[in-house]
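Here is a short report on one protein model. Keep the sequence and the 3D view open as you read.

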Amino acid sequence: MIKEKRLELIKKIVNDKKNVSVKYLSDSLGHAESTIRSDLNDLNRAGDIKRIHGGAAKIDDVADSKFVFLKID
């Protein structure tokens, strides 16, 4: 699968499910976890999704995600 199509599928999955793990995306799309991590980082930099520990979240749902870690000073 070409990268552009994979990125579009990842965005769709994240937006539909609200938050997903790297493992889930890897299994669903049939690509290595390292490839998925790289794709998630690219989508995060583009502002399409929010990269969270172990996966990704829909931008609107980041505050509600069980994967979000808060740093309190």
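In helix α2, the buried residues are V22, L25, S26 and L29. Because these residues cover an arc of only 100° around the axis, they sit on the same side of α2. The arc is taken from the directions that run from the helix axis to the C-beta atoms. Buried means under 20% relative accessible area, exposed means over 50%, and partly exposed lies in between (1.4 Å probe, protein chains only). Helices (H or I, at least four residues) and strands (E, at least two) are DSSP runs, numbered from the N terminus. An α-helix has 3.6 residues a turn, so residues three or four places apart point the same way.

This is a predicted model: local features need pLDDT of at least 70, side-chain atom pairs count only at pLDDT 80 or more, and totals for chains, interfaces and linings use all residues. Residues are numbered from 1 along each chain as its sequence is written, and side-chain values use heavy atoms, with hydrogens and water left out.

What covers the buried residues of α2? The cover includes α1, β1 (19-21), α3, β2 (50-52) and β3 (55-57). Just after α2 comes G30, with a positive phi of about 75°.

**The sheet**

Now turn to the strands. The 3 strands form an open sheet in the order β1-β3-β2, and their pairing is antiparallel. β1 and β2 are the edge strands, each pairing on one side only. On average, neighbouring strands of this sheet are turned by 25° against each other, direction ignored. Two strands pair if DSSP finds at least two bridges between them. Between the antiparallel strands β2 and β3 there are 3 bridges. I52 has G55 in β3 as its bridge partner.

Helices pack here too. α2 packs on the sheet and touches β1, β2 and β3. Its direction makes about 75° with that of β1. α3 lies across β2 and β3, and it runs at about 135° to β2. Such axes are lines fitted to C-alpha atoms, for helices over the stretch in contact, and angles run from 0 to 180 degrees between N-to-C directions. Contact means heavy atoms within 4.5 Å.

**Salt bridges**

A salt bridge is a side-chain nitrogen of Lys or Arg within 4 Å of a carboxyl oxygen of Asp or Glu. By this rule, the count is 8 salt bridges.

| Pair | N to O distance |
|---|---|
| D39 and R6 | 2.4 Å |
| K23 and D27 | 3.0 Å |
| E33 and R37 | 3.1 Å |

Which parts does the pair D39 and R6 tie together? D39 lies in helix α3 (residues 33-46) and R6 in helix α1 (residues 3-17), so the pair links parts that are 33 residues apart in sequence. Both D39 and R6 are buried. R6 counts as buried because its relative accessibility is 8%. The side chains of R6 and D39 are also joined by a polar contact of 2.4 Å. A polar contact is a pair of N or O atoms within 3.5 Å; within protein, one must be able to donate a hydrogen and the other to accept it, and residues adjacent in sequence count only if both atoms are side-chain atoms.

R6 has other partners. Leaving aside neighbours within four places in sequence, R6 is in contact with M1, L29, H31, T35 and D39. R6 and H31 are 25 residues apart along the chain, and their C-alpha atoms are separated by 9.5 Å.

The pair K23 and D27 stays inside one helix. These residues are 4 residues apart in helix α2 (residues 22-29), so about one helical turn separates them. K23 counts as partly exposed, because its relative accessibility is 46%. D27 counts as exposed, at 52%.

E33 and R37 both lie in helix α3, 4 residues apart, which is about one turn of the helix. E33 is partly exposed, with a relative accessible area of 30%. R37 is partly exposed as well, at 35%. Elsewhere, salt bridges that share partners join K3, D42 and R45 into one network.
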